[in-house]
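Reader: Got a model open here. Can you walk me through the packing?
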Amino acid sequence: MNIEKTVTKIRAYFRQNKRLPTYQEIADLCGFASKNAAFKLTQKLIDAGYLSKDEKGRLIPLRLFAPLPNMGIVKAGFPTPAEEELDSVMSLDEYLVDHPEATFMLKVSGDSMIEAGIQPGDTVLIEKGKKPKDGDIVVACVDSEWTMKYYHLEQGQIVLVPANGRYEKIVPKESLELAGVVVSVVRKYN
């Protein structure tokens, strides 16, 4: 089977189901009689750099989605004459995600980070296992409640600080578990 046709089918499956297909589902998509054929095809996709596997052996996308043309720079100040030229191509996967095996997404609810440019309805990409630095935005479980805030050390103690003056700082009383550091924010307008 043609790898590009397979990638197209897997992309469509991913868009519809919000996850990669299993080996059996790949076999079904490609019309294979066995999962073994799907396993071999998947290995070709891994070798070609489209997919990878996480530490548990689950498939994760690498270069699954086609690169988009980068047409250069647009000024957000005074208007300038438009010059269209292809600067390069860029994959959003590669641009937004440095470590796909350690990255997950969450949809934002609430307005405590609006002054950081993170709005309700945005999607944030979080990297697990990344050690936060002072000033990073983190996702954390504080005293059994999940939140996203700035990570700060104040007098040796971790304090989670909102980016909205209507909210108070959070100082853990009993427990603090860091899920990861926010590395990207995605907003769809339509």
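Reader: At what angle do helix α1 and helix α3 pack?
Author: Helix α1 (residues 3-17) and helix α3 (residues 35-47) pack at about 95°, with axes 11 Å apart. Axes are lines fitted to C-alpha atoms over the stretch in contact, and angles run from 0 to 180 degrees between N-to-C directions. The two helices are therefore roughly perpendicular, a label for angles of 65 to 115 degrees.
Reader: Which residues make the contact?
Author: From α1, I3, T6, V7 and I10; from α3, L41, K44 and L45. Contact means heavy atoms within 4.5 Å. Five of these residues are nonpolar, one is polar and one is charged. Nonpolar covers Ala, Val, Leu, Ile, Met, Phe, Trp, Tyr, Cys and Pro; charged covers Asp, Glu, Lys and Arg; the others, Gly among them, are polar.
Reader: Predicted or experimental? What are the ground rules?
Author: This is a predicted model: local features need pLDDT of at least 70, side-chain atom pairs pLDDT 80 or more, while totals for chains, interfaces and linings use all residues. Residues are numbered from 1 along each chain as its sequence is written, and side-chain values use heavy atoms, without hydrogens and water.
Reader: Which residues make up the largest nonpolar core?
Author: Twelve residues: V7, I10, L20, I26, A27, C30, A38, L41, L45, Y50, L51 and L59. Such a core is a set of buried Ala, Val, Leu, Ile, Met, Phe, Trp, Tyr and Cys residues joined through side-chain atoms within 4.5 Å. Buried means under 20% relative accessible area, with a 1.4 Å probe and protein chains only. α1, α2 (23-30) and α3 each supply at least two residues of this core.
Reader: Which residues of α2 are buried?
Author: I26, A27 and C30. They lie on the same side of α2, because they cover an arc of only 100° around the axis. The arc is taken from the directions from the helix axis to the C-beta atoms.
Reader: What covers them?
Author: The cover includes α1, α3 and β2 (59-61). After α2 comes G31, with a positive phi near 75°.
Reader: Switching topic. Where is N164?
Author: N164 sits in the loop between β9 (157-161) and β10 (176-186). Helices (H or I, at least four residues) and strands (E, at least two) are DSSP runs, numbered from the N terminus.
Reader: Is N164 buried or exposed?
Author: Buried, because its relative accessibility is 7%. Leaving aside neighbours within four places in sequence, N164 contacts D111, S112, I114 and E115.
Reader: How many helices and strands in the chain?
Author: Four helices and ten strands.

Methods: Buried < 20%, exposed > 50% of the residue type's maximum accessible area, 1.4 Å probe, protein only. Parallel < 35°, antiparallel > 145°, perpendicular 65-115°, else oblique.
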